[in-house]
Amino acid sequence: MLRSSCITVALLTAALSGTVIAAPMLVDRGLPTANLNNAAGSNRSNVAWAFAPTYVVGDTFTNTSSQTWSISSIRLWTVGQTDSTVLLGGVNGSTIGVAAGAGVISTPVFYADGVGTTTYQGYSGAFRNMSQVDFAVNITLLAGQTYDFFLDGIGAAAAGQGTTVPFVHASNAALSSSPQDGADGSMLYLDVPGGVVDPLSIGTWDSAAPGWGWDKSSDVNVQVFGNAIPEPASLALFGLALAGLAVSRHRKV
């Protein structure tokens, strides 16, 4: 009886002190698994975007839960040569700054399409390498808040692709056949002249709109990892439940 009571008190103390509940993946808008490359024709799901000369491509994800998120890692993918990467970001409506100074670049990466050797096919028909980029971050995102992020770095220019930053991977949600959390068909752009963020340059764009060069909307593929922290009301209810369990066990002894 004493041991049971001690365990209950320990659990209650941990809950009320703000112990986090593990949630390894908070947002899953990963790579598409179907309708890939030119063979898909008009139904192609995968695309890659980069701007020139000083603009960077971005997107958003939103904490749609009722809990606070403590985000520890953000994963993106790039197409073509990727020498270095920088993640810019900030809670929507706040200042955009450097969220992670460098990403861990893993290459080569293949689509999980059942073949296992498929990479990105460009408009010329040539296949290009893909890289997975993992950024270690320390971001707190409250319930209902949206986070804006942008991919900066160096790589594409060395491959003669007409821009100075890596191409960030995106896809059309309806054709991806994979989880596309938070896909809304809208992306962001940001001007970073001389490596300095221009806060007045942030804008939204739809790749299906005239002039953008694709026939469908797309979203940047992203996965977000971290922990979900219970809100105070939830912690209190959990504590009451544990206290009730302790009383129940005491009566049965």
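pLDDT is the predictor's confidence in each residue, on a scale from 0 to 100. The structure in your viewer is a predicted model, in which local features need pLDDT of at least 70 and side-chain atom pairs count only at pLDDT 80 or more, while totals for chains, interfaces and linings use all residues. Residues are numbered from 1 along each chain as its sequence is written, and side-chain values use heavy atoms, leaving out hydrogens and water.

Colour the protein by pLDDT to begin: the mean is 84, and 79% of the residues reach 70 or more. Then select residues 234–238, where pLDDT stays under 50 and the model has six contacts (heavy atoms within 4.5 Å) beyond four places in sequence. Residues 245–253 also have pLDDT below 50, and this stretch has four contacts beyond near neighbours in sequence.

Asp59 counts as buried because its relative accessibility is 1%, where buried means under 20% relative accessible area with a 1.4 Å probe, protein chains only. A polar atom of the Asp59 side chain lies 2.8 Å from the backbone nitrogen of Val220. Setting aside neighbours within four places in sequence, Asp59 contacts residues including Arg29, Tyr147 and Asp219.

Stay in strand S3 and move to Val56, which is likewise buried, at 1% relative accessibility. Now show Val168 as well: the two C-alpha atoms are separated by 9.3 Å, although Val56 and Val168 are 112 residues apart along the chain. Among the residues that Val56 contacts beyond four places in sequence are Phe51, Phe150 and Leu190.

Terms used. Buried < 20%, exposed > 50% of the residue type's maximum accessible area, 1.4 Å probe, protein only. Polar contact = N/O pair within 3.5 Å; in protein donor to acceptor, adjacent residues only side chain to side chain. Helix = DSSP H or I, 4+ residues; strand = E, 2+ residues; numbered from the N terminus.
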